[in-house]
Amino acid sequence: MIRVLQWIGALSLALLAGCAQQPPKDDSLYRALGERAGIQKIVEGMLLHIAKDDRIYKYFAKVDIVRVRDKLVEKFCVEAGGPCTYTGDTLAEAHKGMNISRGDFNALVENLIDSMDDQHIPVPTQNRLIARLAPQRGDVIEK
Amino acid sequence: MGGAVGMNAPWVEADQGRLIATGGASSIEGAAGGGIIPWAVLANYDEKGEWGANLFGTHVNLPDYTLDVAGMAASYGNRVEVSYAHQRFDLGSLVHKLSLPEDNLTQDIFGVKVRLFGDLIYDQLPQVSLGVQYKHQNDFLIPRLVGAKRDADVEGYLTASRLFMGAVFGYNVVVNGGVRYSRANETGLLGFGGDRRDTRSVLKEGSVALLFNPRWAVGVEYREKPDNLSFAGESDWADAFVGWFPNKHVSVVLAYARLGEIATLDNQNGTYLSVQGSF
């Protein structure tokens, strides 16, 4: 009996430790970007800049742009710590066969920055979002 | 030279696949970097399969001297950079004080830099580049008189650069650090090797730049220098700069440079202005 109690105690401690390792979700970036409505404005602005960008417009010419917008809003929302679920394909899946170059990727980053500038998002906030997205470049380029 | 080509040839605009300011400015020796040291970044904005080229001019105004530099750098694929710089160092008041036979010293610098691995922004590893510079001092009479051993030399440098996103109050910071293996006196303007020391030294150099946004940077640089000549001390160099990158074709760097003692005259601290056009 004592051994069982000890075992339960150890298990509870382990569970508590497990919970403690999972920090409360930080949604400060989500809020700084203006929550869902702000993120939607940023994504729509980015797509409008892309529509005028000869370097990468070709990748968006034949897609369902409303779907792309919705999935990007979900993606950015999740990355910003917001209460969203990303329901799109994985990045690697979504860009398969497109052979997106490093330059194309940077062009999209530039359009994102332009859109965030349009929305008067402060540079440190912009940097936080880009810092979340930059490590995923490998899933996007040269696929 | 490059300017003449630019005016006469149909100058096809290169692709510029890299982010703004990632080509750095033109250092006084022609390589992409800050002002007084090269960084691991390659000149211009070319990505894989693309090319780029730039022309630059730099003027450094010191209490007793002036340094003027003109040069160019071409780059391919964010992998390799070749550069050329012509430096003219006007000796100013020293000419009369010492009754010197010449009123200026000039030097030509040919450089190659290769990105070995890593990336300034992406990937796990910082960008690391290896560079080699061949320098030729063109007016060796004065350097010889003060003890320099040769009018031409080769030196190498290994340097790393990395952008840390949001590192300081949310702003991006670029950190550069490198080592140079050189025996150049005052970067080579006073020749190479000397009566005190004729072997190359391992010299440290580095800089830190804070990016207020993608177009404005402020930072500091430091460059260790050898001390090969007994006739005068040679100071390590430092500067504090502001860089402006309004677009991918133009950059302007304004700096306050602390160059210390140069050829017996101390406190050579003054202004540095560099303008670059990238194609």
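Two strands count as paired if DSSP finds at least two bridges between them. Strands (E, at least two residues) and helices (H or I, at least four) are DSSP runs, numbered from the N terminus. The model is a predicted one, in which local features need pLDDT of at least 70 and side-chain atom pairs count only at pLDDT 80 or more, while totals for chains, interfaces and linings use all residues. Residues are numbered from 1 along each chain as its sequence is written, and chains are lettered from A and ligands numbered from 1 in the order in which they are written.

**Exercise 1. Find the bridge partner of Gly111(B) in S7(B), then place the strands S6 and S7 in their barrel.**

Step 1. Gly111(B) has Gln133(B) as its bridge partner in S7(B).

Step 2. Strand S6 (residues 104–117) and strand S7 (residues 127–137) of chain B run antiparallel, joined by 10 bridges.

Step 3. Now zoom out: in chain B, 12 strands close into a barrel with antiparallel pairing, in the order S3-S4-S5-S6-S7-S8-S9-S10-S11-S12-S13-S14. From one strand to the next the twist averages 20°, with axes fitted as lines to C-alpha atoms (for helices, over the stretch in contact) and angles running from 0 to 180 degrees between N-to-C directions.

**Exercise 2. Work out which strands S3(B) is joined to by bridges.**

Step 1. Begin with strand S4 (residues 66–76) of chain B: 11 bridges join this strand to strand S3 (residues 51–61), and the two run antiparallel. Ala53(B), for instance, has Ala74(B) as its partner in S4(B).

Step 2. Turn to strand S14 (residues 269–278) of chain B, which is antiparallel to S3(B) and joined to it by 8 bridges. Here Leu55(B) is partnered by Gly277(B).

**Exercise 3. Decide whether Ile262(B) is buried or exposed, and list its contacts.**

Step 1. Locate Ile262(B) in the loop between strand S13 (250–258) and S14 of chain B.

Step 2. Apply the cut-offs: a residue is buried if 20 or more other C-beta atoms, placed from the backbone, lie within 10 Å of its own, exposed if 12 or fewer, and partly exposed in between. Ile262(B) has 24 C-beta neighbours inside 10 Å, so it is buried.

Step 3. Contact requires C-beta atoms, placed from the backbone, to lie within 7 Å. Setting aside neighbours within four places in sequence, Ile262(B) contacts Tyr65(B), Glu186(B) and Gln268(B).

Step 4. For one more distance, the C-alpha atoms of Ile262(B) and Ala232(B) are 7.4 Å apart, with 30 residues separating the two along the chain.

**Exercise 4. Describe how H7(A) lies on chain B and what its buried residues pack against.**

Step 1. Helix H7 (residues 123–133) of chain A lies across strand S8 (152–168), strand S9 (171–182) and strand S10 (201–213) of chain B, at about 100° to S8(B).

Step 2. Val123(A), Gln126(A), Asn127(A), Arg128(A) and Leu129(A) are the buried residues of H7(A). They pack against helices H2 (28–32), H4 (65–79) and H6 of chain A, together with S8, S9 and S10 of chain B.

Step 3. Finish with the whole contact, which takes 18 residues from chain B and 15 residues from chain A. S8, S9 and S10 of chain B each supply at least two residues of the side of chain B that touches chain A.

Conventions: Contact = placed C-beta atoms within 7 Å.
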